[in-house]
Amino acid sequence: MQIVAATKDRNTSPRKQKIYQRDFRKAQQYQESVWSLCSRSCEMDSGERSRFLEGSSMCSPWVVLVFCCLGQLYADQSLKPRIAAPQLATNNPTLTTVALEKPFCMFDSSLHPNKSYVVYLYVMKESASAISSLVTDNNGKPLNSTFQQTSGGHTGPYKAALFNVPNCVSPPKLADVGDVNRASDVLKQYLFRVGDDGTCLYDPNFLAVCNPPLSPDTTYRFKYMLVDSTEGIMKEQTLWSDPIKTRRVKLPLKIDTWPGRRSGGMIVITSILSVLVFLLLAGFLASVSSVVMRPEDSPAVTKHISQTIQQSELRPQLISE
Amino acid sequence: MSEGEKGGSGFLLESTTRREGLHEELKMAKSDDGIRILQGLLVFGNVVIGMCGIALTAECIFFVTDPHGLYPLLEATENDDIYAAAWIGIFVGFALFALSILGIIGVIKSNRTLLLVYIILMLITYAFEMASCITAATHRDFLTPNLFLKQMLERYQKSETDNNNDSWMTKRVTETWDKLMLQNQCCGVRGPSDWQEYTSAFRTTHSDADFPWPHNCCVQDARGSPVNLDGCKLGVQGYYNSNGCYDVISGPMNTHAWGVAWFGFAILCWTFCVLLGTMFYWSRIEY
């Protein structure tokens, strides 16, 4: 493709080429900075690269660059530690822990059948990447810094765990986690929980690699490293993971317990009852006043029942007359 | 006014009086029917009031016995006025029952004093029931998820208590929540994430790594230990209870408060009609 692009460009007019070259110089400055990020996976020597740049600048350096970086991003995804599948571990990350997927099939190319390997996990705060993100010393040996030495990954990466190389051929099936008997095996094979051990920091007899809780509301990066366990030399490492932030918490004092607007039922009950009790009192006053104000000799509209009974006794007399 | 006295006068006078008397008599027979109907209605109304009073008492007694064991939660929020409403409801129910008997006797005997006592006592009871009804309706609104969330975070397994009362309440809230979460397979108020989103008294004593949420949120086996603790901590489906307890708490509370408020309201509306009728009746009785 590069050759095709180059031959095509040779046919363009000299004036056009001049403009291209002016643009090219500007573009090159930018490209160089991006290349420093990209260079790892685009496997070219410097000669190849300059030829490639020259050729591409003639047509469309940006398109090529974007394709390059997209391809690189894609390649990187499989070479970075990743957070465990969210449909499996719903509570992740928590305040002080992050569950990571183990490096399945990441180191296949470096494994020799007759040697034994272990995987180291390094953890650092994102802020530490400015200070030091190196995980090997000058001889290619992995660093043995601990949580305390790096003040919890603040000054540089610390070794959080070591475990066997996960089996690429038969990875655990996530669907099996529903089976109570196999759940713990599946979880153990599939993921690693950073910050799981709450006691090792305070236990003077604890000599293995300590994996103490992380700090809340902090961004961390993780890296897996393949180490030849007999020689103790780094064989391969992944990139630093994308930044992963632990949860932050809110204070319960801030919770507002005021219900806000009132329910309709409460308004209905209160208003109707107020009206009713007002009417009742008015009715009571009216009836009392009507009794008090009534002149004593004036006839009442209704009579006492005994009176009507007396009157009905008169009926035969009236009829006889 | 008696017809008999007038019967002894002259013919002309006699005939006119007789006609007048007949008129009056017809009118009286009519109003006599009216008064009998009113009497019947008042007796019926009082029977209904008496029965509703018993029902209200029964309902409120059921409520205050706290069959779901949720009273400690309300008590700790210092917002247990719904229970106060229920206690008033018990009293009012009894009072209504007793007064309805008094009312029936008063109406049948057409005794003014008895009916005056009935009306005054009924008005007082009416005021009490109004208080109960409005309290229940108002405090139903206060039972928000946030109320229980805040209280749960502040009280559940709190280690340092200020005084005896505080420690007693904390103990009861903790017990209630433990029981709630175990029996109803729920966790937190809205869900287990309540324990992750907020700091809590529980968090200060239990590390996040080992207790992202209380172990009572984990699905338990027959022996009462988590089926798979790691799965529970990671939030793997099937090993923790993902639903919140708010429905379990607010469901019975709301039903009770709703019952006390609206049943009370219905009784009050009915009593209003009966009382107005009684007042009318009372003002028309002669000694």
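Phe91(B), Val117(B), Ile120(B), Leu121(B), Ile124(B) and Phe128(B) together make a nonpolar surface patch of about 500 Å². The model described here is predicted. Helix α5 of chain B, residues 112-142, is the main contributor to this nonpolar patch, giving five residues. Ile124(B) is located in that helix, α5 of chain B.

**Where the chains meet**

Chain A and chain B touch through 68 residues of chain A and 67 residues of chain B. Between them the two chains bury about 6,100 Å². Carbon and sulfur atoms account for 65% of that buried area.

Polar links cross the interface as well. There are 15 residue pairs in polar contact between chain A and chain B, with both residues at pLDDT 80 or more. Four elements of chain A each give two or more residues to the side that touches chain B: α5 (180-190), β4 (191-194), α6 (264-293) and α7 (305-320). Of these, α6(A) gives the most, with 19 residues. By residue type, the side of chain A that touches chain B divides into 35 nonpolar, 21 polar and twelve charged residues.

**Salt bridges**

Over all chains, the structure holds 14 salt bridges. How many of them cross the interface of chain A and chain B? The rule finds one there, and its partners are Asp141(B) and Arg262(A). Another salt bridge joins Lys115(A) and Glu231(A). The partners in this pair are 116 residues apart and link distant parts of the chain. Lys115(A) sits in the loop between β1 (98-101) and β2 (117-125) of chain A, while Glu231(A) sits in the loop between β5 (219-228) and β6 (233-237) of chain A.

The table sets out the two pairs.

| Residue pair | N to O distance |
|---|---|
| Asp141(B) and Arg262(A) | 3.9 Å |
| Lys115(A) and Glu231(A) | 3.3 Å |

**Backbone details**

Two loops have backbone features to look at. In chain A, a cis peptide bond joins Asn92(A) and Pro93(A), with omega at about -10 degrees. Pro93(A) belongs to the loop between α4 (61-77) and β1 of chain A.

In chain B, Asp66(B) is not a glycine, yet its phi is positive, at about 60 degrees. Where in chain B does Asp66(B) lie? Asp66(B) is found in the loop between α2 (11-64) and α3 (71-76).

How values were computed. Residues are numbered from 1 along each chain as its sequence is written. Chains are lettered from A and ligands numbered from 1 in the order in which they are written. This is a predicted model: local features need pLDDT of at least 70, side-chain atom pairs count only at pLDDT 80 or more; totals for chains, interfaces and linings use all residues. Side-chain values use heavy atoms; hydrogens and water are left out. Contact means heavy atoms within 4.5 Å. Buried area is the accessible area (1.4 Å probe) that two parts lose on being put together, summed over both. A salt bridge is a side-chain nitrogen of Lys or Arg within 4 Å of a carboxyl oxygen of Asp or Glu. A polar contact is a pair of N or O atoms within 3.5 Å; within protein, one must be able to donate a hydrogen and the other to accept it, and residues adjacent in sequence count only if both atoms are side-chain atoms. Ala, Val, Leu, Ile, Met, Phe, Trp, Tyr, Cys and Pro count as nonpolar, Asp, Glu, Lys and Arg as charged, and the others, Gly among them, as polar. Patches are made of residues with over 30% relative accessible area and no salt bridge: like charges are joined within 9 Å, nonpolar side chains (Val, Leu, Ile, Met, Phe, Trp, Tyr) within 5 Å. Accessible areas come from the Shrake-Rupley method with a 1.4 Å probe; for residues, only the protein chains shown count as cover.
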